[in-house]
Amino acid sequence: MNTYRRGWTLRRRVLALLAVVGVLLVGLAVAEAAVAAKNRAYTDTLLTRTGPLRVQGQELLNVLLDQETGVRGYAVSGNRADLAPYEQGVRQERDVAATIADLGRDYPAIVDALRTAQQQAADWRRTVAEPVIATTGSSGTAAGQALITAQARQQFDEIRTSVGDLQTAILAERERGARDIERTGNMLVMLLIVAAVVVVLAGTLMLLSLERMVIRPLTGLAQQVREVAAGDYQHHIAGSGPPEFRRLADDVDVMRQKIAKDLAEVRAARENIEWVNSQLQKQAEELTRSNRDLEQFAYVASHDLQEPLRKVASFCQLLQRRYAGQLDERADQYIAFAVDGAQRMQRLINDLLAFSRIGRLTTGFVDVDLNRVMADVASQTEPGRQYADAELTWGELPVIRGEEPLLTNLLVNLVSNSVKFRRPDVAPKVRVSARLVGDEWEITCADNGIGIEPEFADKIFVIFQRLHAKDAYPGTGIGLAIVKKIVEYHGGRVWVDTDQAEGTAIRFTLPARPEDVEAAKAAAEAGPATATGEDAPAGPDGDVPAGSDGDVPAAPDGGGTATTSDDASRPAGDAEPADRPTPVGRQPDGTQDEDPPGGPPGHGTTGGTKERVG
C-alpha cells in the first residue's frame, strides 16, 4: 500500500490544475467586472450628464439671446408685448442654470464657468436691460435706444464669451469621459483576450495530462483485461499511471485469481436464480388466480346481498307508508333512517356489482362511433339535465375500438358528474370534445361547475372516496372509479386537467385505429391546406382534430378541445353509474335530497334540455 502513496493521485493533480486555472479566471473575472463597472459608469456619465450639459449650455445661450432680442425690440417699438421674449428668457435662464448646476456639480470648471456667466448676465440686466426698459417706458423709444451703446453691446458679447467658456469646459469633460470609455473598453477587451488564452492553455494542458495520466494507463489495463477475458486466467495484470489506476490493476488481478474459484459458485447461483424465478412465476400465477377469485367474490357478494337487502328496503318503505304519522315523531325519524340506510346500501351494492362486471362480461371490441354514443348519453341524462337546465354540447367525435355499453357508461358517468356538481344559480354547461395526440385520441369532458382542487386530482378516482357529505351531493363515490376502470380496460388513462381556471376538465385517452393515425400523418405531411380541407393548420406535433382523416369531420372549434376547466373544489368520485338513474331518497327529517327531475312548480327553466352538436 505504500507504493500508492508515492506521487500525487489523479484527483489531486486535476484539482491542482483546476485550482490554478480557477484562480486565474476568477482574478480575471474580478478585474473584468471592475473595468466593466468603470466603463459603465463612464458611459452613464457621458450619456446622462455631459451630453445633456452641452444641450443645456446651448439652451442657456439661446435664452440670453432671447433676453437681448426682447430688450432691443421693446426699445425700437415701445410695445410691451415685445418684452415677452425677455421675461420668458429670464425665467428659462434660472431653470437652465439650475439644471446645469445639478448636472455639473462634480465638475468645478463647469460650475465656475456657469457662475461667471450668471454673474455677467445679472450685471447686464442691471446696467443695460432694466435701464433701457425703464427709460423706454417713461421717455420713449429714442431715449431707450440711446442707452444701447457700443459698451452695452460689448458687455453682452462678454456674456457670450463666458457661455462659450462654459461650453468649452463641458466639451472638455465630455472628451475626457469619451477617452475614459475608450481606455476601459480597450482594457476590457485585453482582459477577455487574456482569459481566452488562459482557457485555451488550460484546455491544452488538460488534454495532454489526460492522455498521459488517464488514457494510456487505461488502454494498457483494458488490453490486459481482454487477455484475461479471452481465457488466460494466469496472466498477471500490472498497472501504471496514478496511484488509483495501480490500485485498480491490483484489484482486477485479485479478481482474476478468484475467477476460477468462483465459477462453481456462479453455477450454483445460477441454479438458485432459476429456482427463484420458477417460484416467482408460481406466485404470479397464484396472484392472478387470487385476483380473479376476489373479483368473483365481489360479484357473488354483491349479487347475493341483493335479495335480503331488497326485502329490508321494501318492508321499511311499507312500514313508512303504512304507519307514518301514527307513531310519535321519534319513531317516524327512526323509520326514515332505516329507509335511507337501506336505499344507500342498495345503491352501494349495485355500484359495486357494476364495478366488478367491468372487464368480466365482455362482448369483444368493435368499431364504436362516439357520436352515436353521445346521442345515447344525451338521451339517458335528459331527466337530470332538464332538472338542472343544463346544456350538453359535443364536437365531432372519432370512431374507436371498444365495447359500446362500457363507453356509454363512461360518458354518462362524466356528464352526470358535471351536471351534479354545478355551481349555485349557474346553468351547467358540459362540453365533450376530442383530438388526436400521437396514436391516441384524447377526449375531454369539460364543465363550468365547482371544480376540483389540484391536491384532490388523484383522490377522486379511488373507489368510495368523497370530498363532501352525502347530504350535500348524493352518490356512492364509485362513479369515477368506474370511469377509471373502463378507460384502463380499453388501454387508456384518465386524469384531471389541473391547469383550468374555472370548472372541471376530465381528460382520458383511448387508442386510435391504425387507419386514423396513418390518415392523420398523411394529412400532416400533405400540408395545412390539405389536412383540414379549409386551410386550417394541423395541431402541434402532429396532433389533429377528430375527423381530420376524412372519416369524421373536424370539430368546429378547430382542435376539438373544451374551453372550460377545473380549479375549484369538487367532490371526488361521486358520479352516478350509468346503468340506472340516481334515486331520490328522503332524509331522516323527511326532506328530499333534491327536487324531482321535473323540478318544482315555477322552476326557472324552459321545460326542456339544451342540447347542441357541433
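1. A disulfide is taken here as a pair of cysteine sulfur atoms within 2.5 Å. By that rule the count in this predicted model comes to zero disulfides.

2. Helix α3 covers residues 84-103 and helix α4 covers residues 108-139. Their axes come within 11 Å and cross at roughly 165 degrees. Angles over 145 degrees count as roughly antiparallel, and α3 and α4 are therefore roughly antiparallel to each other. The crossing of the two helices is left-handed.

3. Which residues make up the contact between α3 and α4? On the α3 side they are Y86, V90, E93, A97, I100 and A101. On the α4 side they are I110, L114, Q118, A121, W124, R125, A129, E130 and I133. Sorted by class, this contact has eleven nonpolar, one polar and three charged residues.

4. Helix α13, residues 479-489, is mostly covered, with eight of its eleven residues buried. The buried positions are G479, L480, A481, I482 and V483, together with K485, I486 and V487.

Key: Residues are numbered from 1 along each chain as its sequence is written. This is a predicted model: local features need pLDDT of at least 70, side-chain atom pairs count only at pLDDT 80 or more; totals for chains, interfaces and linings use all residues. Side-chain values use heavy atoms; hydrogens and water are left out. Axes are lines fitted to C-alpha atoms, for helices over the stretch in contact, and angles run from 0 to 180 degrees between N-to-C directions. Helices (H or I, at least four residues) and strands (E, at least two) are DSSP runs, numbered from the N terminus. Angles under 35 degrees count as roughly parallel, over 145 as roughly antiparallel, 65 to 115 as roughly perpendicular and the rest as oblique. A crossing is left-handed if the near helix is turned anticlockwise from the far one by less than a right angle, and right-handed if clockwise. Contact means heavy atoms within 4.5 Å. Ala, Val, Leu, Ile, Met, Phe, Trp, Tyr, Cys and Pro count as nonpolar, Asp, Glu, Lys and Arg as charged, and the others, Gly among them, as polar. Buried means under 20% relative accessible area, exposed over 50%, partly exposed in between (1.4 Å probe, protein chains only).
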